[in-house]
Amino acid sequence: MSLCRGTISILAFLFCQISHVPWLCTVASFTVAVILALFTAVVYGVADYSGGRASRTASSASVTLVGQSLSFAIIICLVVILGDPLASTHDLVISAIAGIAGSMGLLAFYKAMSSGSMTVVAPITALVGTIVPVAWGLASGERPGVVAYFGMAVAVLAVALVTDAFGIHNVKTPLSIVAMAVTGGLCFAVIFIALDYTSPDAGLWPLFALRSVSVPLILVVVLSTKKPMVLRGPALKFALLSGLLDSLANGSYLFAAREGLLSVVAVISSLYPVSTLLLATKVDKEHLHKTQWVGVGCALMALILVSVG
């Protein structure tokens, strides 16, 4: 992932130098951010699908622990191999906050999913996780192009349609479940925002700090449930795959946030439910509603608008 990002950045830099057109450097950097954000969305979606498949025969907390433990191990190896100097206290602390938020978000999300209607919980969490980072970026002074604003609005609509937020729900969802769904979305938004505030020269240390906090917290939760952590066969494979992809997506998002605007990167990265849904249709032969297919189309339109804007 770092090699891919570095290659794109070097090519963009050389193109700018050869062309001697300064504004192309800004365009090139923006393009790198869009590509990395799109890659993040795709990988996040596949990771979520893998975690969901593993959770069919194992507890969600156990699946999360196994996946995040592998993710942590991969990040440790990369930090050692790359040899990046230790990040500043600011970067480590803000990343640790992201780790706490991520753990709380997962626990709240899984609890809401198991206790309430999935068709209500998933859209709420996804929409809150999409809107908050975008609003934060705009409130912080980010000003993307006019076309990009339309793209952001279409992206939010795409997430709502893909997750079937406008579907008919016959069973009333308790307010406590809705609150947990909102909490999950807010916590996921904190991850996007916090990583955006890390220094460009921090390397992968922010991800190290994030996982060094989240893994122990999830472990405590698993141990407190006093249930055997049994993962074998397909469940174990999918849990490990989800962890591998999660670390890849986190790294991709980290570099995307360093290259572009939070409001743009976050809204593209938040399109991850699209890849989850498409994978489910191919592998599990699930059938989508017409509105969900419209949502997929809106996601493509949003990507084009945000990229052009």
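What follows is a conversation about a predicted model of one protein chain.

Reader: Before we start, what kind of model is this, and which pLDDT limits apply?
Author: It is a predicted model, in which local features need pLDDT of at least 70 and side-chain atom pairs count only at pLDDT 80 or more, while totals for chains, interfaces and linings use all residues. Residues are numbered from 1 along each chain as its sequence is written, and side-chain values use heavy atoms, with hydrogens and water left out.

Reader: How many helices and strands does the protein chain have?
Author: The protein chain has twelve helices and zero strands, where helices (H or I, at least four residues) and strands (E, at least two) are DSSP runs numbered from the N terminus.

Reader: And how much of the protein chain counts as buried?
Author: Of its 309 residues, 48% count as buried, with buried meaning under 20% relative accessible area, exposed over 50%, and partly exposed in between (1.4 Å probe, protein chains only).

Reader: Let's take H3, then; what is its span?
Author: Helix H3 (residues 60-82) has 23 residues and reaches 32 Å from its first C-alpha to its last, close to the 33 Å expected at 1.5 Å a residue, the expected span being 1.5 Å times one less than the number of residues. Its buried residues include Val63, Leu65, Phe72 and Ile75, and H3 is followed by Gly83, whose phi is positive, near 65°.

Reader: What about H8, and what follows it?
Author: Helix H8 (residues 205-225) has 21 residues and reaches 31 Å from first C-alpha to last, close to an expected 30 Å, and it is followed by Lys226, which has a positive phi near 55°. Among the buried residues of H8 are Trp205, Arg211, Val215 and Val222.

Reader: At what angle do H3 and H8 pack?
Author: They pack at an angle of about 150°, with their axes 9 Å apart, where axes are lines fitted to C-alpha atoms, for helices over the stretch in contact, and angles run from 0 to 180 degrees between N-to-C directions. That makes H3 roughly antiparallel to H8, since angles under 35 degrees count as roughly parallel, over 145 as roughly antiparallel, 65 to 115 as roughly perpendicular and the rest as oblique.

Reader: Which residues make that contact?
Author: Among them are Leu65, Phe72 and Val79 of H3 and Trp205, Arg211 and Ile218 of H8, contact meaning heavy atoms within 4.5 Å. The residues of this contact divide into 13 nonpolar, seven polar and one charged; Ala, Val, Leu, Ile, Met, Phe, Trp, Tyr, Cys and Pro count as nonpolar, Asp, Glu, Lys and Arg as charged, and the others, Gly among them, as polar.

Reader: Switching to H7 and H9, how do their axes cross?
Author: The axes of H7 (residues 175-196) and H9 (residues 234-259) come within 9 Å and cross at roughly 55°, and the two helices are therefore oblique to each other. Phe192, Ile193, Leu195 and Asp196 in H7 meet Tyr253, Leu254 and Ala257 in H9, a contact with six nonpolar, no polar and one charged residues.

Reader: Last one: where is Leu279, and what is it in contact with?
Author: Leu279 lies in helix H11 (residues 272-283) and counts as partly exposed at 25% relative accessibility. Leaving aside neighbours within four places in sequence, Leu279 is in contact with Val46, Tyr49 and Asp284, and its C-alpha is separated by 8.5 Å from that of Gly45, 234 residues apart along the chain.
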